[in-house]
Amino acid sequence: MNNLIFIPAVAVSLFIAGCAGSSKMMVKHPIAVPGVLSAGANEHFALTLPATGVQIYECRGNPDGKFAWAFVAPEATLFDLQGKRVGKHYAGPTWELDDGSKVVGSLKQRSDAPIAGAIPWLLIGTKSTGGAGALSPMTSLQRVNTDAGVAPSEICAAGLVGRNARVAYTADYYFFSTR
């Protein structure tokens, strides 16, 4: 059986906006989000990074004897609003830009995506930042505008334990800062 499962992803629509300075895009927050995903009152929208990649799942056995696909990690490419590759998103969860800056986050809240079959929208707090650059002042982020990426619909069974599935997805990551 093939260990790779790909679901076609619809291309993310890019929001075109102006730049303020060379290291940070200052753009108007493009969409409303559910209240539970709102950034803090002292935070200001600073940056949008569209992403295209995969959500990695592994078939695992549970203590109750059942089997299920478990989320392992994301692997995605981050783009600027003009469609140029600017970084990557990977386990941690971590967002790392080519300018050397990175953010490691932790889940604060989630909300079902408005599109069936899409991974949830998230509010993620910043646990740590590294490197000087566009991501260094960020305090939180949202994952929104998701398309696809949910666990495989194919059965996870004893004979598939340890098998990985890479499911395509797209999303926009909205970054917030207090500075």
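The largest pocket of this predicted model has a volume of about 340 Å³. A pocket is an open set of points on a 1 Å grid over the protein atoms alone, where a 1.4 Å probe fits, with protein on both sides within 12 Å along at least five of seven lines. Grid points are joined across faces, edges and corners, and the volume is the space filled by probe spheres set on them. The lining consists of 20 residues (those with an atom within 4 Å of a point), and Q55, F71, R110, L122 and R143 lie nearest the centre. Strand 1, strand 2, strand 5 (102-111) and strand 6 each give two or more residues to this lining; the largest share, four residues, comes from strand 2.

The chain contains eight strands and zero helices. Strands are DSSP runs of E of at least two residues, and helices are runs of H or I of at least four, numbered from the N terminus.

Of the 179 residues, 42% are buried, that is, under 20% relative accessible area with a 1.4 Å probe, protein chains only. The largest nonpolar core has 28 residues, of which L49, L78, W95, L135, Y173 and F175 touch the most other members. Such a core is a set of buried Ala, Val, Leu, Ile, Met, Phe, Trp, Tyr and Cys residues joined through side-chain atoms within 4.5 Å. Another core, of 10 residues, lies apart from it and includes L37, A113, L123 and Y174.

Residues are numbered from 1 along each chain as its sequence is written. Local features need pLDDT of at least 70, side-chain atom pairs count only at pLDDT 80 or more, totals for chains, interfaces and linings use all residues, and side-chain values use heavy atoms, with hydrogens and water left out.

Notes. Buried means under 20% relative accessible area, exposed over 50%, partly exposed in between (1.4 Å probe, protein chains only).
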